[in-house]
Amino acid sequence: MLITITKEFEEEARWYAHASREYLSKRRNFHGGTLEDAEEKMFMGKLGEKAFKQFLIDNCIPYLEDKTSEKVADDYDFLVNGYLVDAKARTEDYQTRTLEIKEQMEKKPKDIYISCRTYRTQPYTVKLIGWAYKEDFLRVNRVEVLKNGNTENYVLFDYGLRPIIGLINLFFGSRTAIHS
């Protein structure tokens, strides 16, 4: 499912990426190391979140969006029908897996992870690839350290993801409803 990012959502993502770049550069090792690299990486990730937000809006699914400060790790990206949801973005076609930092999953686990592919086009577009429960990562139990880092990551390949459309039924399921 391909989502076009609105100018409003692009500006929100850009603001957050700029405001959080110093924090990100100290906490992560999956970018080139400069503040500009950190900002670009966060921007592309935030576009993934904005695409998922548009998916929720388009499908009339009520949600709460995380409002945590850009200086600390968030507890979730969205709260949807009682589920903590985290959007995970990638930027290259050769990337065929969804990663979650092992420490994050242990200390601040989410219920659902959304896999997104962001494109550097104008306007920006994002493909919602699929989704997985936290338990899907744990069941597969594949942990890797990336070549350019030293952080252990849970890994789930695209063939292990669930179809994105299945979230509509899940979010209108039996958990307590919330309102945006």
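Author: Start with residues 174-180, where pLDDT stays under 50. This is a predicted model, and over that stretch it has 19 contacts beyond four places in sequence.

Reader: What should I do with coordinates where pLDDT is low?
Author: Where pLDDT is low, the predicted coordinates should not be read in detail.

Reader: And what does the protein average in pLDDT?
Author: The average is 85, and 87% of the residues score at least 70.

Reader: Which elements have the lowest and the highest mean pLDDT?
Author: Helix H1, residues 7-27, has the lowest at 81. Strand S7, residues 125-133, has the highest at 96.

Reader: Ok, the sheet. What order do the strands come in?
Author: The order is S1-S7-S6-S4-S3-S2, in an open sheet of six strands with mixed pairing. Strands S1 (2-4) and S2 (64-65) stand at the edges with a single partner strand each, so one side of each has no neighbour in the sheet.

Reader: Take S6, then. Is strand S6 mostly covered or mostly uncovered?
Author: Mostly covered: S6 spans residues 112-119, and seven of its eight residues are buried.

Reader: How does S6 pair with S4, parallel or antiparallel?
Author: Strand S4 (residues 83-90) and S6 pair in the parallel sense, over six bridges. One place to look is valine 85, whose bridge partner in S6 is isoleucine 112.

Reader: And how many bridges join S6 to S7?
Author: Eight, and those two strands run antiparallel. A hairpin of five residues joins S6 to S7. Across the pair, threonine 118 stands opposite valine 126 in S7, and arginine 117 stands opposite lysine 127 in S7.

Reader: Are cysteine 60 and cysteine 116 buried or exposed?
Author: Cysteine 60 counts as exposed because its relative accessibility is 63%, and the cut-off for exposed is over 50%. Cysteine 116 counts as buried because its relative accessibility is 0%, where buried means under 20%.

Reader: Where is cysteine 60 relative to H2?
Author: Just after H2, and cysteine 60 takes a positive phi of about 55°.

Reader: Last one. How far does H2 reach from its first C-alpha to its last?
Author: It reaches 34 Å, close to the 34 Å expected at 1.5 Å a residue. H2 covers residues 35-58, which is 24 residues.

Notes:
Residues numbered from 1 in each chain as written. Predicted model: local features only at pLDDT ≥ 70, side-chain atom pairs only at ≥ 80, totals over all residues. Heavy atoms only, no water. Helix = DSSP H or I, 4+ residues; strand = E, 2+ residues; numbered from the N terminus. Expected span 1.5 Å × (residues − 1). Buried < 20%, exposed > 50% of the residue type's maximum accessible area, 1.4 Å probe, protein only. pLDDT = per-residue confidence, 0-100. Contact = heavy atoms within 4.5 Å. Pairing = 2+ DSSP bridges.
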